Amino acid sequence: MSSVRVVLPYHLRTLAKVGDEVRVEVDGAITQRSVLTAVERAYPMLRGTMRDHVTQLRRPFLRFFACEEDLSLDSPDTELPKAVAEGKEPYLVVGAIAGG
Amino acid sequence: MSGVRVLVGTRKGAFILESDASRDVWTVDGPLFGGWEIYHMKGSPVDPDRIYASQSSGWFGQIIQRSNDGGKTWETMGNEFPYEGEAGTHQWYDGTPHPWEFKRVWHLEPSLSDPDTVYAGVEDAALFRTTDGGHTWHELPGLRRHGSGASWMPGAGGLGLHTIIQHPTNPKRLWIAISAAGVFRTDDGGASWEPANTGLTSKYMADPNATVGFCVHNLSLNPGNPERLYMQLHWNVMRSDNGADSWQLISGNLPSDFGFPVQVHAHDPETVYVVPIKSDSEHYPPDARLRVYRSRNAGKDWEALTKGLPQEHCYVNVLRDAMSADRLPSCGIYFGTTGGQVYMSPDSGDHWQAIARDLPAVLSVEAQTLP
């Protein structure tokens, strides 16, 4: 079990009623899929806001980052950097398309 | 009756306006869900403190919120709206088939008899229903699978199911309207649907005998006469006297027959309101004067209502779900504008005042008459 830090965009923080960063417990391999699933388990109101309910694909206006790398186009099952798995660096969900 | 609560959905959050029955002094609470589009909020007729809200964002998708205490606190509900079976295609703007894709909830219509049952009209057009207070939503697929579904084409704002009207005494009968497919009616509680567009015309439709494809903007019904419905069509204001079996033109002396909302008076099925707007793409009041038009004889003739409304340099629009009526003895009429004003008339339209100004663009207004 790993304790992974996740930074959510402002509107998802207000929706989940959390602060700048949350910690989620993740079993097994630390991947984007397992981390996002853990976030949705801990905060069910976020289901469907980061990934499509059915396809589980990233919502198009969001991007995923960690350790200064854009992971948005990576496979959701690729293991995240060791620093994320160890809780030294956060996994970032970013509202990436500017808008009014 | 103790007062009125007005639920205002805007481009950047929700606002709740409240007054006692005098409607003289209003409080403004908000923004709730700041930064999110609130397409629609509506309270249960059975329990006015049970309010449902459609919250959406291009970034994060659809959220459904529910309040059990008149909007003081909110709970996030289920936001999964799965089309039943194979989604199939509708017609895209260029005439090609386009996959049916859920985008957002345009309209929420709580049941007349059960606070846990709510209908949701969505884009791409379909009708959903929850019977567990918003936890889960299930499509009523008979509508989308009506034989004409593959030919439905979006209006400029999308293929939205925007209007849901329940028969006041027959729970099996519902009417819905879709831009730009038209009106459909069910008499078996939503299992099967038929188009109800006889009498509608559009100069842009090649087939004079078309039964679907009409850009209906809004419908309204007074429970005192459920056979009589009013319609704001893209152009033309229409009336049906037979439950939408057929429609007749009532645009009469309106300065423009284009507009978005139509609202019937709470106590008089003969009295109806529209807000004429210039078209095609201008979408502001004729002569830059904001005028509500009222007919007291079911559309035979119309009078301009102007007292308290801006009569120069006014370039706002009033969207289809942004007009409502309370049920106090002197019926109050409410509407919101894309300029962020919410106007109220406590005397059926004779006099108007702004009860909120400088809000984000108003998408929807629902007046609740509190016990």
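## A tour of chains B and A

Begin by selecting strands β1 (residues 3-10) and β2 (residues 13-20) of chain B, which pair in the antiparallel sense over 8 bridges; two strands count as paired if DSSP finds at least two bridges between them, and strands (E, at least two residues) and helices (H or I, at least four) are DSSP runs numbered from the N terminus. This is a predicted model, in which local features need pLDDT of at least 70 and side-chain atom pairs count only at pLDDT 80 or more, while totals for chains, interfaces and linings use all residues. Residues are numbered from 1 along each chain as its sequence is written, chains are lettered from A and ligands numbered from 1 in the order in which they are written, and side-chain values use heavy atoms, with hydrogens and water left out.

Within this pair, pick B:V8, whose bridge partner in β2(B) is B:F15. Then widen the selection to the open sheet of 4 strands in chain B, antiparallel in its pairing and ordered β3-β2-β1-β30. Its edge strands, each pairing on one side only, are β3 (27-32) and β30 (362-370) of chain B.

Next, select B:T337, in the loop between β27 (333-336) and β28 (342-345) of chain B. B:T337 is buried, with a relative accessible area of 0% (buried means under 20%, exposed over 50%, partly exposed in between, with a 1.4 Å probe and protein chains only).

Finally, move to helix α2 (residues 32-42) of chain A, where the buried residues include A:V35, A:L36 and A:V39.
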